[in-house]
Amino acid sequence: MRGLKDKVAVVAGGAGGIGTATSVRLAQEGCSVVVGDLNDDAATAVAKQITDAGGTAVAVRVDISDERSVNEMVALAVATYGGVDILHANAADLSAGTLGRDSNALDIDLDAFDRTLAVNLRGHLLCTRAALPEILKRGGGALVYTSSGAAFMGEPERPSYAVSKSGINALVRHVASKWGRKHVRANAVAPGLVLTEGPRSVLSEDFMKLALRGTRSWRLGEPEDIAAMVAFLASSDGEWINGQILSVDGGASLR
Ligand SMILES: NC(=O)c1ccc[n+]([C@@H]2O[C@H](COP(=O)([O-])OP(=O)(O)OC[C@H]3O[C@@H](n4cnc5c(N)ncnc54)[C@H](O)[C@@H]3O)[C@@H](O)[C@H]2O)c1
């Protein structure tokens, strides 16, 4: 893809299923990648995978719900590679203690709601506040967030998750509207069901068959499907795309 070679990309939540695929893809396209993740062992392994393959990457532990931690991640990008051109804000708290308790509006413990918003939404705002000034210093760049089909679906469970992803969609439109003329592009990818470790370990075969029937495809999603869209949105090939939420879901949503 055009315009990714020698760019600096920060991937927040860069060591899970989708984050790993995106970190690797951006490195393959020629970016220097800062792999930030709460799981520092996993982040280190992803950075090693990239450098072993001849790419450029460094790992850092980050908790995107913590402003200082996010600022340190971006400072590392500046100190190591001289600036930031691309932010991929991808992290979400999908743990049993948070997403696992995201039941419904009447029953949910408010601390599970608060934690979901603190990571999935406020965390993405913190990443924006840390990376955007650096992107502006470079004369522009791209922010690509990970939303979800859950923001559009209307589901009887996981209301906090859907609220957090709807908030990301609003944040995307705001950043594009405020800074678009300064050569800043903000977009989100909204994945459908992607077979990362989480869904693979908790979803039954029957559920997956049902989910597949809800698509217009012969297969469910793979992390590389999302990575390809992130790379495209970050690249110059996506230069005239701004403020959009792109569904990558095998045609499930027809938005
Ligand atoms: N897999 C799917 O079907 C699917 C569908 C729609 C949207 N998504 C979204 O895609 C993104 C990635 O999901 P995934 O399936 O790869 O899950 P994953 O659990 O494999 O990856 C999430 C990553 O975020 C990290 N993380 C969690 N909390 C963090 C924090 N506070 N600070 C920094 N990092 C943190 C985790 O350590 C993990 O590496 C998420 O935003 C998720 O909501 C996934």
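## Around the ligand

The shell of residues around the ligand is made up of 14 nonpolar, twelve polar and four charged residues. Here Ala, Val, Leu, Ile, Met, Phe, Trp, Tyr, Cys and Pro count as nonpolar, Asp, Glu, Lys and Arg as charged, and the others, Gly among them, as polar. The shell holds 30 residues, and the closest are Gly 13, Gly 16, Gly 17, Ala 91 and Ala 92; a residue belongs here if its C-beta atom, placed from the backbone, lies within 6 Å of the ligand. Helix H1 (17–28), H4 and helix H7 (197–202) each give two or more residues to this shell. Helices (H or I, at least four residues) and strands (E, at least two) are DSSP runs, numbered from the N terminus.

## About the model

You are looking at a predicted model, in which local features need pLDDT of at least 70, side-chain atom pairs count only at pLDDT 80 or more, and totals for chains, interfaces and linings use all residues. Residues are numbered from 1 along each chain as its sequence is written.

## The sheet

Now to the strands. Seven of them form an open, parallel sheet in the order E3-E2-E1-E4-E5-E6-E7; two strands pair if DSSP finds at least two bridges between them. Strand E3 (56–61) and strand E7 (245–248) stand at the edges with a single partner strand each, so one side of each has no neighbour in the sheet. On average, neighbouring strands are turned by 20 degrees against each other, direction ignored.

Strand E1 (residues 8–12) and strand E2 (residues 32–37) run parallel and are joined by five bridges. Ala 12, for instance, has Gly 36 in E2 as its bridge partner.

## A helix across the strands

Helix H6 (residues 159–179) lies across strand E5 (141–146), strand E6 (184–191) and E7, and runs at about 160 degrees to E6. Axes are lines fitted to C-alpha atoms, for helices over the stretch in contact, and angles run from 0 to 180 degrees between N-to-C directions.

Which strand holds Ala 190? Ala 190 is in strand E6, and Ala 190 is buried, with 25 other C-beta atoms within 10 Å (buried takes 20 or more, exposed 12 or fewer, partly exposed lies in between, with C-beta atoms placed from the backbone). Beyond four places in sequence, the contacts of Ala 190 include Ser 147, Ile 245 and Leu 246; contact puts C-beta atoms, placed from the backbone, within 7 Å.

Ala 130 sits in helix H4 (residues 110–137). Ala 130 is buried, with 25 other C-beta atoms within 10 Å. Leaving out residues up to four places away in sequence, Ala 130 touches Val 70, Asn 71 and Val 74.

Note on methods. Contact = placed C-beta atoms within 7 Å.
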